Amino acid sequence: MSSRELLGESTADPHLPERRRSRRATHSSAAAAALEVKQEPPFRMASRELHPESSVVCAGGVEIGAGRLVVMAGPCSVESRQQIRATARRVKAAGADMLRGGAYKPRTSPYDFQGLGRKALGWLAEAGRESGLPVVTEVLSPEDVDLVAEYADLLQVGARNMQNYALLRRLASGSKPVLLKRGPSATIREWLLAAEYLLSGGNARVVLCERGIRTFETATRNTLDLAGVALAKQLTHLPVIVDPSHATGKRALVVPASRAAAAVGADGLLIEVHPCPGRALSDGEQSLNPDEFEELMVTLRSLAFCAGV
Ligand code: PEP
Ligand code: MN
């Protein structure tokens, strides 16, 4: 099936040049079919149609998309040197592959904790080095890309910034791999076209992240689009990971959502873990404590065992 068919789009090209369209209108249907041009997928470089082989993205020595579930874990926000070091030790011991932690936070309210910026980047990088975990952190604006890239192994584009084209262009010409989160209201087509900005701008190291979309449902913070993950895997050769923390907003749902993501074929997970979620400065209600994270990792290992991975 073509990318356009997978997206549920008509294969009649609305952009077919006027001249060809009018010629086509005057021909018999058989002749018209002969004139049908092969449709290019809307996202050429991201498309699996044109690049059937799955891509493996290497971030700080960790291979994402190579067939093994990669787990990135850590607090929503880096709050102190001690907090990130303690979290790094625990998630590493439990088997995480990468350390996450926000230094620049995109908060809905300007009155909420905005992150500790450069200071937090230093602590995050230090905790990563100490524990042997490469780090992933969000970059909010084009001006911050060089600074954040000095500290991070994988640069996160947050959901709110998926269509920040100035940021995407800046990251496209950078040297670090990018974790591109799906916007809360973005279609899969828009998400893959955002990835296309990075690829066509010269950065082939792109990992996609489904983190829940906005629907009528309010019982969960967002709605985890698992079918969208499966569809994205069919549409693109890029690795696709899942963030069950922001997708559900509820600690009790993080484990089942993680298992489901693994079962549907996600290449990895991005999970919020805090040494004391009740005292977290952001997203405590969806953060696992280190013991819960350890249990999750045991469950995931047994899942992988059952699946023969
Ligand atoms: C985050 O990862 O902490 C975050 C803010 O995520 P999102 O952009 O998906 O809301
Ligand atoms: Mn968060």
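**Criteria and values**

Author: Leu226 touches Ala260, Ala261 and Val264, when residues up to four places away in sequence are not counted. The model is a predicted one.

Reader: What makes these touches contacts?

Author: Contact requires heavy atoms within 4.5 Å. Leu226 touches Ala260, Ala261 and Val264 in that sense. Leu226 lies in helix H9, and its C-alpha is 9.4 Å from that of Gly265, 39 residues apart in sequence.

Reader: Why is Leu226 called partly exposed?

Author: Its relative accessibility is 23%. Buried means under 20% and exposed over 50%, with partly exposed in between. Leu226, at 23%, therefore counts as partly exposed.

Reader: Why is Lys233 called buried?

Author: Lys233 has a relative accessible area of 19%, and the cut-off for buried is under 20%; Lys233 is therefore buried. Lys233 also has its place in helix H9. Beyond four places in sequence, Lys233 touches Arg48, Val240, Gly265 and Asp267.

Reader: Why does Ala149 count as buried?

Author: Ala149 has 19% relative accessibility, so Ala149 counts as buried, given the limit of under 20%. Ala149 is placed in helix H6, residues 145–151. Leaving aside neighbours within four places in sequence, Ala149 is in contact with Leu155 and Lys176. The C-alpha atoms of Ala149 and Val136 are separated by 9.9 Å, with the two residues 13 apart along the chain.

Reader: How do you know that the span of helix H8 is close to what is expected?

Author: Helix H8 covers residues 188–200 and has 13 residues. The expected span is 1.5 Å times one less than the number of residues, which gives 18 Å for H8. From first C-alpha to last, H8 reaches 18 Å, and the value is close to the expected one. After H8 comes Gly202, with a positive phi near 115°.

Reader: Which residues of H8 are buried, and what covers them?

Author: Ile188, Trp191, Leu192, Ala194, Ala195, Glu196, Leu198 and Leu199 are buried in H8. Their cover includes helices H7 (165–172) and H9 (226–235), together with strands E7 (178–181), E8 (206–210) and E9 (240–242).

Reader: What makes the four residues at the manganese ion (ligand 2) its donors?

Author: A donor is an N, O or S atom within 2.8 Å of the metal. Cys76 (SG), His246 (NE2), Glu272 (OE) and Asp283 (OD) coordinate the manganese ion (ligand 2) at 2.1 to 2.4 Å; these atoms therefore meet the cut-off. Along the sequence the donor residues follow the spacing C-x169-H-x25-E-x10-D. The pair of His246, in helix H10 (residues 244–248), and Glu272, in strand E10 (residues 268–272), links distant parts of the chain, 26 residues apart. Both His246 and Glu272 are buried.

Reader: How many cavities of 30 Å³ or more are there, and what lines the largest?

Author: The structure holds one cavity of 30 Å³ or more, and the largest cavity contains about 40 Å³ of space. Its lining consists of Arg100, Gly101, Gly102, Tyr104, Lys105, Val136, Thr137, Glu138 and Gln156. Strand E5 (residues 135–138) gives the most to this lining, with three residues.

Reader: How does the lining of the largest cavity divide by residue type?

Author: The lining has two nonpolar, four polar and three charged residues. Gly counts as polar and Tyr as nonpolar in this division.

Conventions: Residues are numbered from 1 along each chain as its sequence is written. Chains are lettered from A and ligands numbered from 1 in the order in which they are written. This is a predicted model: local features need pLDDT of at least 70, side-chain atom pairs count only at pLDDT 80 or more; totals for chains, interfaces and linings use all residues. Side-chain values use heavy atoms; hydrogens and water are left out. Donors are N, O and S atoms within 2.8 Å of the metal (3.2 Å for Na, K and Ca); water is not among the atoms, so sites may look incomplete. Helices (H or I, at least four residues) and strands (E, at least two) are DSSP runs, numbered from the N terminus. Buried means under 20% relative accessible area, exposed over 50%, partly exposed in between (1.4 Å probe, protein chains only). On a 1 Å grid over the protein atoms alone, a cavity is a set of points where a 1.4 Å probe fits but cannot get out, and a pocket is an open set with protein on both sides within 12 Å along at least five of seven lines; lining residues have an atom within 4 Å of a point. Grid points are joined across faces, edges and corners, and a volume is the space filled by probe spheres set on the points.
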